[in-house]
Amino acid sequence: MTDPIRHGLPPSLDDIADIAAAARDALPEPFRGPAREVAIRVEDLAPDEMLDELDIDSPFDLTGLYDGIPLTEKSVMDQPDRPDTIWLFRRAILDEWVEREEVTLTELVTHVLIHEIAHHFGWSDDDIASIDPWWE
């Protein structure tokens with residue numbers, strides 16, 4: 001997939017969503033099925049309430065977030081009040097993309113998505129960082 005820059009305009013919310021959906025669909029089994037159970041939402045920036053809850057000052061410091069109960073903690077007794085969701089924040093992603101001149105937008109969106117899917121599978125940030133030095 002090529003990066004979706006058209007007519008000099010920045011990628012849209014739909015462009016980011018399309019990249020994320022393609023990345024999720026490209027996952028190998030047995031990960032693809034459970035990952036498809038997670039909704040993907042793309043917004044320009046994280047809402048203030050979310051930032052406050054995470055104690056993050058700038059919305060540009062949050063590119064993605066997993067909001068749900070990890071598979072390692074789910075129980076048949078759980079009564080979900082909403083679907084598990086991966087949030088992707090377009091403007092924060094675009095800022096990081098500009099800063100990381102050596103990666104494509106597709107690579108960055110895919111990386112953020114995979115990081116958040118790892119949380120769905122029960123991995124902590126430390127677990128992810130132990131095998132993925134991307135954020136260093």
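Leaving aside residues up to four places away in sequence, Arg91 touches Asp44, Leu45 and Phe60. In this predicted model, Arg91 belongs to helix H4. Its relative accessibility is 37%, so Arg91 counts as partly exposed. Between Arg91 and Pro59 there is a C-alpha to C-alpha distance of 8.8 Å, although the two are 32 residues apart in sequence.

**Helix H4 and its surroundings**

Which residues of H4 are buried? They are Arg90, Ala92, Ile93, Leu94, Glu96 and Trp97. These buried residues pack against H1, E1, E3 and H5. Helix H4, residues 90–99, lies across E1 and E3 and runs at about 55° to E3.

The pairing of H4 with H5 can be described by its axes. They come within 10 Å and cross at roughly 125°. H4 and H5 are therefore oblique to each other, and their crossing is right-handed. On the H4 side, Ile93, Leu94, Glu96 and Trp97 take part, meeting Leu105, Leu108 and Val109 of H5.

**The sheet**

Three strands form an open sheet with the order E1-E3-E2 and mixed pairing. Strands E1 (39–43) and E2 (64–67) stand at the edges with a single partner strand each, so one side of each has no neighbour in the sheet. On average, neighbouring strands here are turned by 20° against each other, direction ignored. E2 pairs with strand E3 (residues 85–89) in the antiparallel sense, over four bridges. Within this part of the sheet, Leu65 has Trp87 in E3 as its bridge partner. Helix H1 (residues 13–25) packs on the sheet, where it touches E1 and E3, and its direction makes about 155° with that of E1.

The angles given for these elements are listed together below.

| Elements | Angle |
|---|---|
| H1 and E1 | about 155° |
| H4 and E3 | about 55° |
| H4 and H5 | roughly 125° |

In soluble globular proteins, nonpolar side chains tend to be buried together. The largest nonpolar core here has 22 residues, and those with the most contacts inside it are Ile16, Ile86, Leu88, Ile93, Leu105, Val109 and Ile117. At least two residues of this core come from each of H1, E3, H4 and helix H5 (105–120). H5 gives the most, with six residues.

What does Leu88 contact, leaving aside its neighbours within four places in sequence? The list includes Ile16, Ala20, Ile40, Val42, Ile93, Val109, Val112 and Leu113. Arg41, Glu43, Thr63 and Gly64 are also among the contacts of Leu88.

A second, separate core has eight residues, including Leu51, Trp87, Phe89 and Ala92. One of these, Trp87, is the bridge partner of Leu65, while Ala92 is one of the buried residues of H4.

**The whole chain**

The protein has six helices and three strands. Read from the N terminus on, its elements run α-α-β-α-β-β-α-α-α. Of the 136 residues, 37% are buried. Among contacts between residues at least 6 apart in sequence, 65% join residues at least 24 apart.

Methods
Residues are numbered from 1 along each chain as its sequence is written. This is a predicted model: local features need pLDDT of at least 70, side-chain atom pairs count only at pLDDT 80 or more; totals for chains, interfaces and linings use all residues. Side-chain values use heavy atoms; hydrogens and water are left out. Two strands pair if DSSP finds at least two bridges between them. Axes are lines fitted to C-alpha atoms, for helices over the stretch in contact, and angles run from 0 to 180 degrees between N-to-C directions. Contact means heavy atoms within 4.5 Å. A nonpolar core is a set of buried Ala, Val, Leu, Ile, Met, Phe, Trp, Tyr and Cys residues joined through side-chain atoms within 4.5 Å. Buried means under 20% relative accessible area, exposed over 50%, partly exposed in between (1.4 Å probe, protein chains only). Angles under 35 degrees count as roughly parallel, over 145 as roughly antiparallel, 65 to 115 as roughly perpendicular and the rest as oblique. A crossing is left-handed if the near helix is turned anticlockwise from the far one by less than a right angle, and right-handed if clockwise.
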